Amino acid sequence: MKISYKWLKDLIEISETPDEIGKLLTATGLEVEAIEEIESIKGGLQGVVVGEVLNCEKHPEADRLSLTTVDVGVENPLSIVCGAPNVAAGQKVIVATVGAVLYPAGSDQPLVLKKSKIRGALSEGMICAEDELGTGTSHDGILVLDTDLPNGTPASEYFGISSDYLIEIGLTPNRADAASHFGVARDLKAVLNRPITLPSVENFAVANQSLPIPVEIRNPEAAPRFTGLTISGIQVGESPDWLKTRLQTIGIRSINNIADITNYVCHELGQPMHAYDAAKVKGGKVIVTTLAEGTPFVTLDGVERKLSATDLMVCNAGDGTTPEPMCIAGVFGGLTSGVSAETTSIFLESAYFSPASVRKTAQRFSLKTDSSFRFERSTDPNMPVFALKRAALLIQEIAGGKISSEIVDVYPQPIGDFKVEMKYRNISRLIGKELEKAEISRILAALDITIENETESTFTAIVPPYRVDVQREADVIEEILRIYGFGQVELSEAMSSDFLSDFPVNDPEKLRLRISELLAGNGFNEMINNSLTKPEYQESLKESLLGEPVKILNYLSEDLSVMRQTLLFSGLEVIGYNINRRQRDLKLFEFGKTYHKSGDKYIEKERLSVFLTGNAQQESWVQKSREVTFHDLAGIASQVLSAMKIREVEKQEADKAIFKSGLTLFVNKKQVATLGLLQPGVAKKLDIKVPVYFADFDWEYLLRQYDSAVQYKEVSKFPEVRRDLSLVISKKTTFEELKQLAYRTERQLLRTVNVFDVYEGANLEGKKSYSISFILQDDQQTLTDKVIDKSMQRLIAAYEREFEAVIRK
């Protein structure tokens with residue numbers, strides 16, 4: 001963002017140099033990136049003076065050259081060879097002396113004047129034309145002056161050259177309030193404790209009601225406030241030099257006096273404005289609304305653009321049934337409705353548009369204008385009327401005309417202040433120094449933040465709506481500190497820090513990094529995907545997904561119109577993309593968020609997804625390649641759960657709508673993970689025809705379950721004993737059920753249960769055979785055969801009773 005030093009001085013008294021102002025602004029958070037001196041004529045015409053041609057005669061060696069002697073106020077007149085056809089004795093002229101540096105119009109290279117010989121004649125300078133000085137583009141002849149200024153007077157005095165300093169600020173996105181000279185002056189007001197003097201609008205007066213143009217807002221969410229008025233009898237033309245110079249300093253090209261004034265007010269007050277030719281406001285009415293999808297609109301740059309149904313437009317009444325667009329609200333004007341040389345009356349707009357609405361439209365059209373830059377970051381909703389009066393008075397001063405309507409101000413739901421509850425002790429804690437209450441009060445008042453409900457220890461800070469970045473206690477404290485000065489907070493002997501929120505017992509980022517490293521060590525690659533997805537993906541599995549989908553109100557395309565309820569489809573998109581590029585052996589994982597709606601609540605969850613497809617390892621001379629199996633995925637899931645200190649889980653069959661085969665894992669009756677082979681139909685939605693294994697973890701629950709404490713247990717001195725059983729049971733009975741029954745039956749001695757063989761055959765119709773091993777151990781003594789046999793009999797009885805098992809001997 002570019003700020004003029006002189007312009008700034010119009011708003012606040014400044015005795016400091018530009019460099020000193022730059023340091024103050026940087027200290028308050030408005031980082032100054034560069035300070036450059038700007039002159040109305042580049043180079044300032046140093047070494048260029050007013051002279052008088054004493055003699056002029058033809059060059060004996062060249063018909064088009066003249067030999068002149070010129071008085072430039074020094075003892076001896078200068079001999080100058082001149083090629084201009086209009087040079088003559090007695091003329092007052094502009095002379096560039098030896099050593100002067102000129103910046104000719106249309107050239108990037110400076111011209112340095114040297115003493116030279118031209119066709120044998122000495123030339124000690126140059127009598128200048130307009131383009132050679134950089135004051136214009138004409139090269140018809142030398143400038144002939146009508147002036148009584150004495151010879152030798154610097155040309156800068158004749159041309160009234162002014163200089164200014166351009167201060168470039170690297171404006172951060174949160175400081176939309178400082179996107180103007182007034183906004184920067186507010187920071188200086190607070191840090192220097194000096195008042196701001198805004199331009200007066202006391203002389204604003206409505207001359208007549210001859211041209212009323214009412215305003216209708218059909219989309220108040222996107223256009224909370226819209227103000228306007230009309231001015232008749234104006235004369236569109238060139239802007240005065242002071243206005244062109246101000247705009248030129250901050251890099252804005254002059255267009256005409258009306259457009260220049262709207263630009264001037266935008267950069268002065270931070271309020272974008274737009275002027276329409278009142279004669280082109282059809283139906284005598286302005287309508288702020290959206291139009292049908294695909295409506296064509298030609299913008300000021302002559303490009304026809306197709307509107308989206310969500311693009312907010314400033315329209316006229318058109319044919320009375322369908323509004324006709326005049327401007328993309330807050331972004332760019334239209335080609336046919338703007339001010340031209342024939343315009344004699346205007347409708348002047350000053351509005352507050354929704355940042356989200358402007359941002360979406362500007363991004364869709366790839367249009368970045370001074371207007372959209374400010375509206376996207378949020379402007380001051382209380383500024384439109386003042387800015388409107390300021391611009392109207394400038395137009396009357398420069399372009400003439402009379403205000404021919406009352407101010408129209410459509411503001412159905414005024415935007416209120418932000419209220420932030422504050423504690424004095426928190427201010428001291430975060431700043432690291434106890435400030436006097438009077439100093440806190442002074443700083444907040446200087447920042448337009450008022451104090452209410454003050455007690456000995458607390459108060460309520462009332463923050464104006466233009467400070468959209470100050471809505472929390474920590475934000476207000478940061479405002480106090482940046483104005484008070486970081487450099488004024490002394491360093492204590494013992495360095496420490498403080499905070500307002502508690503840190504979690506377990507650092508989520510460290511645990512996430514630990515699991516990422518575990519997966520990467522197993523050959524996995526991490527992916528990061530968009531949280532937006534196609535609605536048809538999730539629609540097919542809506543019965544299996546949590547809640548309702550979260551739809552985007554201002555989506556850019558139908559393919560990205562809902563938030564993802566699962567990490568499944570975004571991962572499958574990555575797999576499909578890679579398979580199409582012949583990368584078939586994939587191990588991928590993602591930490592990401594899912595979103596769903598439950599009633600009126602919007603719920604956001606942290607999840608971890610893992611994907612496997614293709615071969616488990618590449619073929620080599622040592623071993624053949626093999627395809628990944630469920631056990632590869634189960635092994636990774638086991639490592640993840642183990643690293644998160646999850647030891648015991650319960651298992652159930654996974655949802656058949658998603659998984660062809662798989663398991664759902666529970667801890668304390670809470671589902672923590674689901675893993676298995678995806679149904680071919682699910683993968684085929686993304687044109688994936690190979691088997692894909694997928695695991696989904698509830699990362700938030702795993703974080704809550706994690707216990708960083710380490711418990712140690714003495715290794716038993718007594719040996720463990722293994723016993724095996726072979727059971728014939730129903731096909732419907734799972735090993736998980738057998739294992740849980742074993743632990744319930746033998747609580748003291750049983751350490752582990754494992755299945756080492758499963759048999760199904762024609763001779764076991766409707767049944768299957770499990771071979772199971774049991775590890776028994778007593779921490780207090782060596783187990784005897786009697787004790788072991790007693791435990792095994794209890795297990796056999798339990799299996800026979802609960803599952804009608806037949807024990808094979």
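Visitor: How many helices and strands does the chain have?
Guide: The model is predicted, and its secondary structure is assigned along the chain as runs of each type. The count comes to 21 helices and 43 strands.

Visitor: What share of the residues counts as buried?
Guide: A residue is buried when its relative accessible area is under 20%. The accessible surface of the chain is about 41700 Å², and carbon and sulfur atoms hold 48% of that surface. Of the 809 residues, the buried share is 47%.

Visitor: Among contacts between residues at least 6 apart in sequence, what percentage joins residues at least 24 apart?
Guide: A contact requires heavy atoms within 4.5 Å. Of the contacts in the chain that span at least 6 residues, the part joining residues at least 24 apart is 70%.

Visitor: How far apart do the centres of the positive and negative side chains lie?
Guide: The chain carries 92 positive and 113 negative side chains. With a nitrogen-to-oxygen cut-off of 4 Å, the salt bridges number 45. The centres of the two charge sets are separated by 10 Å.

Visitor: Which residue forms a salt bridge with Glu479?
Guide: Glu479 has 3% relative accessibility and counts as buried. Its partner in the bridge, at 2.7 Å from N to O, lies in the loop between β28 (458-463) and α13, whereas Glu479 sits in helix α13 (residues 473-484). The two are 12 residues apart, and the partner is Arg467.

Visitor: Is Arg467 buried or exposed?
Guide: Arg467 also meets Asp469 in a salt bridge of 2.9 Å, N to O. The relative accessibility of Arg467 is 3%. Because the limit for burial is under 20%, Arg467 counts as buried.

Visitor: Which residues are linked with Arg467 in a network of salt bridges?
Guide: Two direct partners of Arg467 are Asp469 and Glu479. The network containing Arg467 also includes Arg175, Asp177, Asp187, Asp469, Glu479 and Arg482.

Visitor: Which residue pairs with Glu653 in a salt bridge?
Guide: Glu653 is exposed, at a relative accessible area of 56%. The bridge spans 3.1 Å from N to O, and the partner is Lys656.

Key: Residues numbered from 1 in each chain as written. Predicted model: local features only at pLDDT ≥ 70, side-chain atom pairs only at ≥ 80, totals over all residues. Heavy atoms only, no water. Helix = DSSP H or I, 4+ residues; strand = E, 2+ residues; numbered from the N terminus. Buried < 20%, exposed > 50% of the residue type's maximum accessible area, 1.4 Å probe, protein only. Areas by Shrake-Rupley, 256 points an atom, 1.4 Å probe, with all protein chains shown as cover. Lys, Arg positive; Asp, Glu negative; His and termini not counted. Charge placed at Lys NZ, Arg CZ, Asp CG, Glu CD. Salt bridge = Lys/Arg side-chain N within 4 Å of Asp/Glu carboxyl O.
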